[in-house]
Protein chains: 6
Amino acid sequence: MTEPRLVYKSGEFVPESEATVSIFDTALMYGDMVFEMTRSYNQAPYRLRDHLERLYAGIKILEIDCGLTIDEMEAATLDTIDINRDRMPEGIDYQIMHNVSGGPMALYSSVFPKGIKPTITINVWPLTWHIAPYGPKYESGIHCVVTAQQSVPARLIDPKIKNRSRIYYQMANILARKVDPDAYALLTDEDGYITEGTGNNFYIVKDGTIFTPEGRNILRGVTRAAVLDLSAELGIPCVEKNIEMYDVHTADEAFISSTSMFILPVTKFNDLPVGDGAVGPTVKRLISAFSGTVGVDIVAQAHEYAALANAD
Amino acid sequence: MTEPRLVYKSGEFVPESEATVSIFDTALMYGDMVFEMTRSYNQAPYRLRDHLERLYAGIKILEIDCGLTIDEMEAATLDTIDINRDRMPEGIDYQIMHNVSGGPMALYSSVFPKGIKPTITINVWPLTWHIAPYGPKYESGIHCVVTAQQSVPARLIDPKIKNRSRIYYQMANILARKVDPDAYALLTDEDGYITEGTGNNFYIVKDGTIFTPEGRNILRGVTRAAVLDLSAELGIPCVEKNIEMYDVHTADEAFISSTSMFILPVTKFNDLPVGDGAVGPTVKRLISAFSGTVGVDIVAQAHEYAALANAD
Amino acid sequence: MTEPRLVYKSGEFVPESEATVSIFDTALMYGDMVFEMTRSYNQAPYRLRDHLERLYAGIKILEIDCGLTIDEMEAATLDTIDINRDRMPEGIDYQIMHNVSGGPMALYSSVFPKGIKPTITINVWPLTWHIAPYGPKYESGIHCVVTAQQSVPARLIDPKIKNRSRIYYQMANILARKVDPDAYALLTDEDGYITEGTGNNFYIVKDGTIFTPEGRNILRGVTRAAVLDLSAELGIPCVEKNIEMYDVHTADEAFISSTSMFILPVTKFNDLPVGDGAVGPTVKRLISAFSGTVGVDIVAQAHEYAALANAD
Amino acid sequence: MTEPRLVYKSGEFVPESEATVSIFDTALMYGDMVFEMTRSYNQAPYRLRDHLERLYAGIKILEIDCGLTIDEMEAATLDTIDINRDRMPEGIDYQIMHNVSGGPMALYSSVFPKGIKPTITINVWPLTWHIAPYGPKYESGIHCVVTAQQSVPARLIDPKIKNRSRIYYQMANILARKVDPDAYALLTDEDGYITEGTGNNFYIVKDGTIFTPEGRNILRGVTRAAVLDLSAELGIPCVEKNIEMYDVHTADEAFISSTSMFILPVTKFNDLPVGDGAVGPTVKRLISAFSGTVGVDIVAQAHEYAALANAD
Amino acid sequence: MTEPRLVYKSGEFVPESEATVSIFDTALMYGDMVFEMTRSYNQAPYRLRDHLERLYAGIKILEIDCGLTIDEMEAATLDTIDINRDRMPEGIDYQIMHNVSGGPMALYSSVFPKGIKPTITINVWPLTWHIAPYGPKYESGIHCVVTAQQSVPARLIDPKIKNRSRIYYQMANILARKVDPDAYALLTDEDGYITEGTGNNFYIVKDGTIFTPEGRNILRGVTRAAVLDLSAELGIPCVEKNIEMYDVHTADEAFISSTSMFILPVTKFNDLPVGDGAVGPTVKRLISAFSGTVGVDIVAQAHEYAALANAD
Amino acid sequence: MTEPRLVYKSGEFVPESEATVSIFDTALMYGDMVFEMTRSYNQAPYRLRDHLERLYAGIKILEIDCGLTIDEMEAATLDTIDINRDRMPEGIDYQIMHNVSGGPMALYSSVFPKGIKPTITINVWPLTWHIAPYGPKYESGIHCVVTAQQSVPARLIDPKIKNRSRIYYQMANILARKVDPDAYALLTDEDGYITEGTGNNFYIVKDGTIFTPEGRNILRGVTRAAVLDLSAELGIPCVEKNIEMYDVHTADEAFISSTSMFILPVTKFNDLPVGDGAVGPTVKRLISAFSGTVGVDIVAQAHEYAALANAD
């Protein structure tokens, strides 16, 4: 049996159960923690540096001095992967989470006689259970639902900073599940444009062109950048443009993207079929091409992990 | 020497250092933790039930089933106070913090082999250091600054739910301190109305009437309710009404209120004097009357705690 | 067997099957028809003049010259009731509908060789089937659901003019029924305030006071005026004020009002109980008092009509 | 003398006088009827399939099941044209109107003892009178006026669905005519961008490039698509872009487009000349080229129809 | 013949022709001059101190240090009146204008070898020509027109500061006169509420109560305060409340107020009659009562001044 | 010693001290004066015609008939330069200012017994002092600060008309200087997009591409057009696109442009470094290339003028 995983915490490695944040931490008080989720393909982290650059853009704007340069953060990340390599099942891909906040607030310093320092955690865990449910969804597609909960516009809370003040994601999830317990919430902004899912980016395909919302009221996903790159390689036009609900209703295909599952087809939107209601050729082509790029058949992997998870 | 304080955590009492939240907790993932800050006067919690009712309104809307009725939560709070009574300096008032979230997200359940349950913490700590800095401010007043960071409107994230998705508070603090390191940030909404400070409510006095923003894009503070009640008792008209910056610039007095300091006079607004720039008679009258009500001279207490803190 | 009902149509009485509007009518081309729904109690129309005054305010603003003074319209209404009195079942209350538009558009005059005149229809029909379903709802209450479909603000289309451009009502109905097939859609405005249902006004009760949205982005219902009058008679404070979703979630009671059913209790809001989830005392008191005022036990009537409808 | 025209109505052909809609139809109750206007050139319908596709996009979103597939609707349209061919003057072009709604509302089913079905009408009529007034306007240009009545944004009522809830068109017409009885109303959105006329699309020409508002708060006209196609053929750049009033004031040319008149030059805007106040070369070139494409000199036709109308 | 009038200019009295502002003055560069218009009744300035207090609120917020205290400004005003008393026709009321700006901008100091100081002007002139045209309007009422030009919201430019950046007033005037050359422009805000005229406040009367817009997106007129005071004295309820166009269309009476003419009845609104289209009893009562208060029959004065102006 | 400069004023040349505007001028009353600032390079006016075309667009929209054609205005400008050539130091570049307004308001005509005519001024002055401070800034860069004062959206006051109603520029300056006395205010619009500085346009550089805000809520600067032209010549992509604060925080370089200084690097934004905090290569390349184009080393000139100014 493998030893328990270890977590990098502000300079030390601690057991996973200690991968926690004080209730006096500004991360909770103000929700101003910045984080990243990176996954591996064939046990190699995918676009780690891009994730870290986004992390450092966020902490610059929030004026959090975490004490590590980006190179040091990258090194600490690789150390965390290394130290846990034997603590995770062999040959299984994993997720990496980074968390950075200013640490406990000075106001509460009397509670911390040993002093206060910024909070940094880096931890990894196998993707087995996480990815297992996606298998059938690559084939059936998912159902996206727009609710009364809108995105907070970037001028008020900038979603381009991957931060923790996302209670509106949760409210959107709650409301979407009232329409369909399996639905994925999709957000719109004050102009009625589609923004993003609660943890993923959104795309439609119309007459052979992919459209995805402008990088404004959304997290500019690393996987979104990968989709843009991949489309360019495949010669599929991919345009960043405001998308309205009408455009989804009249699209040929739709899909979402995120770190863990790459992309999932969207075959139902607000209870109506997208296109003919089946997974379309563009989505299939992207999944197939990306599987080639990363050297992992991502649909097969999801099915394989589902089998492992069930066997567990 | 007193023993270390204990924290109520989902049914148990644990050392304060364990008063933490998992990095997989929805409280961090979505910032959807609900919390309360209550303080004591003469070691008796002030309007505890009002705080708990607001807490339960929040978890109802966020559909968090914390497993405790409000009566059970109140009992657990009193237990937490009791168990810590000898662990805090005698005769010193204390703060009580409640935190409630749905606990770690089901998505990450593989990380929690022992299972997942909602997160509840109740903890107390002496107000000595917290209140110490207020002493001189009751006499000088504070400086409130409006920045480019606006309030998030209630239709997007409702501040009437005391929640943790408040990164915009932090941004407002950062920007206000660029104008004056001692400034208190004051927020406005998309209509330009004053809403609240980043953790306090705001008031002006004009021609003998107190005005405070409508209970919309603000936390409806328990101390705000106390100010409304106290004004009624004193026969000072107190009106809930939209306030613009112009109204502050032409007001006779201004002040803020919050749980820990009751009220603080605001004598400077965007670098210009409020009224004649001195603490006004209405603020003095409210402080004096409230001291009588709670049986604690709140200004004297702040000075006394400052002396204790310095002696520490 | 009774003879078929007759409809007043621009000066004549025609069979009900001819109570139609040309597809070239501006009522369809622009949706700019103004209408009214009035009901009888004990076969006497209730507040007919108030309905007609609202109708005439609408056609004034839309600059429709219908050719009848308000007094002539009232007389034509009473004639329509008289002529149909023996054509409706005895002792059954009825609904009256008025429709006024500018008639077919001049652009299409070649299609109307006999000339064009404004469209006016007045028709009546028994309320039996219409009211029958309400019986159990007076006891169980209804479920109101807020969807992504917002009200159109009054500055763009004024709902105070009871007009036919209400496609957004229909979209809200469609979306609400996805959450619960029996749900009643409730609309909000761009500020997140509750406005109205799709054909009814909304109210909450908190600490003994009734609150209903300001008369802005709503139809100012004739029944709403009746509720305000009745509350005043009963000594129940009733305040016109912006209401947010938070206020409904923390209310003691809620209800809607409309011409046909007077008021119905709202016991569920966005899938959460309103107050304790049961019909509250204020709603019961209003229903009982109104039944006295109009001389009709409105709950009993709904049950009686349900029996008649089933027997049909 | 020709026989009276027939109208397709939910499966049957009825006289034109019966081409009506019940006052209980949802088309009137909610203004949620979807419609299309198609015209012929040389007695052949122009881009009929594009019109029907837009019609079916609309009824999909409004969840109206009209009972006909799009192919069946096309066949019924051709049948309607055929059956009326001898009922219209020879050699004259005609307009086709489609209307689809859900039919009378279930609530009022007691009024319809024979049952309820969706409303579908297809009718045709000669364009003689309709087009007659355009003759001189191709030469003088028209006057467009922006009023206080703005477009309803697409997030509230989507104008891309050609629907009947357009009372704001009528209000804009009323207000524009107060400035100039011959003025055409032009709408703007909440951002101040030009959207569309009340039944037409808008364009400016600046330095040899045509600009037309993005396909958002407008009906995406079939003729607009024809203008985009034609410009591409002629090598005139045509850009979909937000247009402000300033841009119209500083444009070289402006014009509107719609099904019946193709395009009309706009030579006056808010009482000020557009460019030098005369019809410009781009407009002339488009009219000439389109006349070639459809095989009809559209300006000559308008003059010819005017002569016929006068002779009538 | 009287000597030419003198103008107080930054400490000196100069001929009226020198009552000018440099083109390098911030008053022109930024439009940030603050001003006041006060009139006399029986040659005594009316509520001068109220005007000056508003002036000083404005310059405080704009951080203009004009070098005079408010008392000194009042004295300078009275001096200006005195010095001009014999320079104006006897027994004629006059207008007083105050202008204050920061003076020429430091950037352009090289153009001012003698140095730069704040700009202050105080000047007076007889009201003869100014008031003459009002005579018939007290009897006929005026026509108010709402155009596409909206008020700038107070959060962007605060109209409560009587400042010179009012180009939108001019645009509204231009547009209103296109509807009716004699029309008075009336502004609305982004919510569609009536705000003010371009230099006057607006009121409606409904069922015996006067309503005037809240003191937000308007200049809080000194005459407006006089109307509120006078109504209170007369026992006429006067409520500050958001007013929509619908409210004007359904009002019994309407009127505007400003310094020079006190109030003028509004008998036409957007080309439709207000109430019955005649001057109503409330307006008449206010004019009569105010004439008593100030000791001047204001309608007679306007007629008298018209006679003088014509005789001139 | 040189003779004093002369100013063109509505047809005459007057001494500079008379280059003033009456306090009754609509330029002050409504802030509706249109103006231009043009500078010379090597004593030749730069893009004068472009400035005049923008001036004439403005007066067209404001319906000011100034009495001069654009050709006459150009001639008057050249005359003004000529007449002042010997009145300015030799070899020094100069600024030209045009001002046009409708002149004193008709309402105040009694104050102007000689009659009223439009106000036109054209004046020139050497740039020595004006440009002197820029020298070190070309090397250090400037600090741009976003404040609570937003731009007025173009739909309310169009900044594309270079007009005098810019009090919000002044408020932004006041607020920015509270953060840093040397800061340049930068404005944002209601969507949070960067618009412009208070008298300059803004740009960022990211991955070799220049981005500048769309020509909407900004003055479309003549120098901005020059930057677009120059970039095209140099093969640097330059895109007009909405820019958010996040984009500035993550940019490689930033700069502003205006008539007098061409461009200045922005090295600090809201107190955080832009890129690495130093002047970047794109800015340097633009300055160098533009110096070549206009035949003036603009950085050297600023240093030279500083020396002259100090020697003065």
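In strand E7 of chain A, A:Ile122 is the bridge partner of A:His98. Strand E6 (residues 94-101) and strand E7 (residues 119-126) of chain A run antiparallel and are joined by 8 bridges. Strands (E, at least two residues) and helices (H or I, at least four) are DSSP runs, numbered from the N terminus, and two strands pair if DSSP finds at least two bridges between them. This is a predicted model, in which local features need pLDDT of at least 70 and side-chain atom pairs count only at pLDDT 80 or more, while totals for chains, interfaces and linings use all residues. Residues are numbered from 1 along each chain as its sequence is written, and chains are lettered from A and ligands numbered from 1 in the order in which they are written.

**The sheet in chain A**

- An open sheet of 6 strands has the order E2-E1-E7-E6-E4-E5 in chain A, with antiparallel pairing.
- Strand E2 (12-15) and strand E5 (44-45) of chain A each have a single partner strand, so at these edges one side of each is left without a neighbour in the sheet.
- Helix H2 of chain A lies across E4, E5 and E6 of chain A and runs at about 180° to E4(A); axes are lines fitted to C-alpha atoms, for helices over the stretch in contact, and angles run from 0 to 180 degrees between N-to-C directions.

**The two domains of chain A**

- Chain A is divided into domain 1 (6-126) and domain 2 (134-303), with bounds from an automatic or database domain assignment.
- The centres of these two domains of chain A, taken over C-alpha atoms, are 27 Å apart.
- In chain A, 21 residues of domain 1 are in contact with 13 residues of domain 2 (C-beta atoms, placed from the backbone, within 7 Å).
- On the side of domain 1 of chain A that touches domain 2, strand E4 (34-41) and helix H2 (48-61) are the elements giving two or more residues.
- E4(A) provides the largest share of that side, 7 residues.

**Chains E and F**

- Between these chains, 39 residues of chain E are in contact with 38 residues of chain F.
- Helix H6 of chain E gives the largest share of the side that touches chain F, 5 residues.
- Strand E3 of chain E and strand E3 (residues 20-22) of chain F run antiparallel, joined by 3 bridges.
- E:Thr20 stands opposite F:Ser22 in E3(F).

Notes. Two residues are in contact if their C-beta atoms, placed from the backbone, lie within 7 Å.
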